[in-house]
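Me: Hi! I'm new to this one, could you walk me through a few spots?
Reply: Happy to, let's open it up.

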Amino acid sequence: MTRKRRRLVLLLACGIGVGSATAIALTAFSDNLVFFKAPSDLTRDPPPPGRVFRLGGLVQAGSLERTTEGRTPIATFRVTDGRATVRVTYAGILPDLFREGQGTVALGTLQPDGTFRASEVLAKHDETYMPRDVADALKKSGHWHPNAGPPPPASKWPTESAIEAARTKAGG
Amino acid sequence: MENVSAFGPSERPTRQTPAGPKRRGPNLHRFANPGRFLRLSGAILPWLTVIGIAVTAFGLTWGLFFSPPDWQQGDTVRIMYVHVPAAWLASAGYFSLAVCAVLSLVWRHPLADLAAQEIGPVGAVFTAICLATGSLWGKPMWGAWWVWDARLTSVLVLFFLYLGQIALIRAFDDPQRGYRAAAILALIGSVNLPIIKFSVDWWNTLHQPASITLTGAPTIAPAILWPLLYSAIGYTLVFAAIVLARLRAAVMERRVRTLLLARADHAASGAGAVAA
């Protein structure tokens with residue numbers, strides 16, 4: 001074994017050691033590394049009363065109600081992860097991206113009546129980016145409604161030429 | 001890393017077994033010759049700089065002024081053309097630090113140490129750009145400048161790893177000790193790279209998952225994707241050009257220092273001879 005080979009083996013052994021130590025540590029602390037809890041996590045593992053935590057999921061379609069109390073806007077909506085839903089109330093201004101079907105993360109506490117009182121609401125957007133005409137074409141084709149959740153996979157998206165063809169057909 | 005053994009003669013050629021397999025392929029120690037490195041890099045650098053700046057300008061102009069706005073984020077999505085390539089280069093730069101660390105620790109390649117010394121500050125700047133533009137993007141879209149989710153936190157850790165590497169490699173009077181310590185730090189820090197990449201898949205985060213994956217079609221419409229890719233290629237070329245320019249300066253600086261030391265030695269021994 002040359003010196004070089006020995007150094008390489010030593011380095012690989014150290015790498016495996018550091019890598020697996022990190023992996024074990026991250027797995028152990030996995031519950032604390034999540035930014036938010038999903039609604040179904042609350043039924044599975046209910047947090048102690050009064051504990052401040054983040055709740056995340058999609059804003060359920062048709063659940064958003066806006067009222068005002070004095071001059072403060074009040075929003076109530078349901079957050080869902082498909083398996084469970086939690087009713088959230090929030091007094092304050094919602095972020096611009098907040099809407100039904102959009103992801104959201106709310107900071108607050110669970111009330112005794114099972115609703116979640118949020119002191120801060122963030123909007124979480126998904127990883128899709130598309131121009132307005134592609135989104136409009138998708139909505140028009142009936143494949144997707146923004147309030148129902150994230151858009152379909154990119155392979156289902158209309159191509160620009162298809163959008164152009166549809167536009168000329170509608171125009172003529 | 002299959003052709004690892006092809007990296008060339010060990011520093012002690014006499015120890016090599018003559019019966020060993022004939023080594024083929026590129027010999028990285030060729031570039032350890034500073035004269036050859038300076039000649040070669042001097043020929044590449046102007047092209048790299050010009051093409052890098054041109055492609056970056058093309059990609060950013062397309063992205064910032066001519067690409068369509070996103071259907072829900074509107075014009076704010078244009079921050080992506082600055083933010084995402086910077087984020088890629090931040091990780092890629094640290095990966096190149098780790099490669100330099102292996103080349104330095106195992107093969108004792110002299111240029112790898114200098115490269116690590118010069119990559120550090122450039123990578124840190126790109127990480128800072130990524131963090132700053134991400135923050136500017138987060139406020140209007142998410143509603144927060146900063147959150148402690150796994151993606152943002154792991155990129156902040158990457159920034160501190162860069163700062164640590166920059167400080168450590170310059171911290172010793174004997175540069176060799178600094179090179180070795182910084183190489184070990186770079187290798188240990190590289191466990192952070194998969195954490196950054198997969199943080200959005202392993203844990204729930206506010207940051208959205210990757211739009212461009214190896215397995216599926218990108219979830220970015222072509223009109224937005226193309227300027228992003230041009231911008232990313234341009235950033236990469238500019239990153240390489242900055243590192244190469246810094247590396248050339250470092251090699252020349254080392255040369256000047258060696259020449260000055262040799263002259264001082266010569267003068268000292270000459271004076272000693274006269275005194276004797």
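A chat about helices and loops

Reply: In this predicted model, the crossing of α2(B) and α5(B) is left-handed.

Me: Nice, at what angle do α2 and α5 of chain B pack, and how far apart are their axes?

Reply: Helix α2 (residues 80-107) and helix α5 (residues 175-189) of chain B pack at about 130°, and their axes are 8 Å apart. The two helices are therefore oblique to each other.

Me: Which residues meet there?

Reply: From α2(B) there are B:Y94, B:L97, B:A98, B:A101, B:S104 and B:L105. They meet B:Y179, B:A183, B:A186, B:L187 and B:G189 in α5(B). By type, the residues of this contact divide into nine nonpolar, two polar and no charged.

Me: Switching topic: what's the phi of B:R108?

Reply: B:R108 has a positive phi of about 55°, although it is not a glycine. You'll find B:R108 in the loop between α2 and α3 (110-141) of chain B.

Me: And is B:R108 buried or partly exposed?

Reply: B:R108 counts as partly exposed, because it has 18 C-beta neighbours inside 10 Å.

Me: OK, over to chain A. Where does A:A38 lie?

Reply: A:A38 lies in the loop between α2 (30-33) and α3 (39-44) of chain A. With 20 C-beta neighbours inside 10 Å, A:A38 counts as buried.

Me: What is A:A38 in contact with, leaving aside neighbours within four places in sequence?

Reply: A:A38 is then in contact with A:G56, A:G57 and A:D81.

Me: How far apart are A:A38 and A:N147?

Reply: A:A38 and A:N147 are 109 residues apart in sequence, and 19 Å apart in space from C-alpha to C-alpha.

Conventions:
Residues numbered from 1 in each chain as written. Chains lettered and ligands numbered in written order. Predicted model: local features only at pLDDT ≥ 70, side-chain atom pairs only at ≥ 80, totals over all residues. Axes fitted to C-alpha atoms, helices over the stretch in contact; angles between N-to-C directions. Helix = DSSP H or I, 4+ residues; strand = E, 2+ residues; numbered from the N terminus. Parallel < 35°, antiparallel > 145°, perpendicular 65-115°, else oblique. Left-handed = near helix turned anticlockwise from the far one by under 90°. Contact = placed C-beta atoms within 7 Å. Nonpolar A, V, L, I, M, F, W, Y, C, P; charged D, E, K, R; others polar. Buried ≥ 20, exposed ≤ 12 C-beta atoms within 10 Å, placed from the backbone.
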